[in-house]
Amino acid sequence: MLSFEMNDRKKIGLGLTGFGVFFSFLGIIFFFDKGLIAMGNILFFSGVALTIGLKSSLQFFSKRSNFKGTIAFGLGFLLVIIGWPILGMILEAYGFVVLFSGFWPTLAVFLQKIPVLGWIFQQPYIRTFFDRYRGKRVPV
């Protein structure tokens, strides 16, 4: 049974995911510091695993449609660890886009409903871009 309640494990997972994004951002700001980027990757992975559960995250990353993104993200992480952070981040960014491309339509609908920021995303030229993907939303 799926549970959408926010328990302590999910709160910790969201916090770890946020810290992972923050440390990766700091690693990029500090001229691709491999230590900060690697720490951000580890925090991001552990946060995702805690938020959606270990079994669900293994199923997500090992799905056949996500296999290319998982390999690219893993190779990017390995390149960051061995000391090539710029090439590693490029591979990780590609893997991230491939892995989470199914969530972009849901994110677009969410952004259009934010009170102040939603006004920008509801402008006609931006809205036509988002309306192309509206029918392909992933139930989250």
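Predicted model: local features only at pLDDT ≥ 70, side-chain atom pairs only at ≥ 80, totals over all residues.
Two packed helices are described by the angle between their axes and the distance between the axes. Helix H2 spans residues 34-52, and helix H4 spans residues 67-82. Their axes come within 9 Å and cross at roughly 145°. The crossing of H2 and H4 is left-handed. On the H2 side, the contact is made by Lys 34, Ile 37, Ala 38, Asn 41, Ile 42, Phe 44 and Phe 45. Helix H4 contributes Phe 73, Phe 77, Val 80 and Ile 81. By class, this contact has nine nonpolar residues, one polar and one charged.

Aromatic rings were examined next. The whole structure holds 12 aromatic pairs. Phe 44 lies in helix H2, whereas Phe 100 lies in the loop between helix H5 (85-99) and helix H6 (104-112). The pair therefore ties together parts that are 56 residues apart in sequence. Both Phe 44 and Phe 100 are buried. Ring pairs also link these two residues into a cluster with Phe 45, Phe 60, Phe 61, Phe 73, Phe 96 and Phe 103.

Ser 57 is placed in helix H3 (residues 54-61). The side chain of Ser 57 reaches the backbone oxygen of Leu 54 at 2.9 Å. Leaving aside residues up to four places away in sequence, Ser 57 touches Ala 49 and Ile 52.

Notes
Residues numbered from 1 in each chain as written. Heavy atoms only, no water. Axes fitted to C-alpha atoms, helices over the stretch in contact; angles between N-to-C directions. Helix = DSSP H or I, 4+ residues; strand = E, 2+ residues; numbered from the N terminus. Left-handed = near helix turned anticlockwise from the far one by under 90°. Contact = heavy atoms within 4.5 Å. Nonpolar A, V, L, I, M, F, W, Y, C, P; charged D, E, K, R; others polar. Phe/Tyr/Trp six-rings, centres within 6.5 Å; stacked < 30°, edge-to-face > 60°. Buried < 20%, exposed > 50% of the residue type's maximum accessible area, 1.4 Å probe, protein only. Polar contact = N/O pair within 3.5 Å; in protein donor to acceptor, adjacent residues only side chain to side chain.
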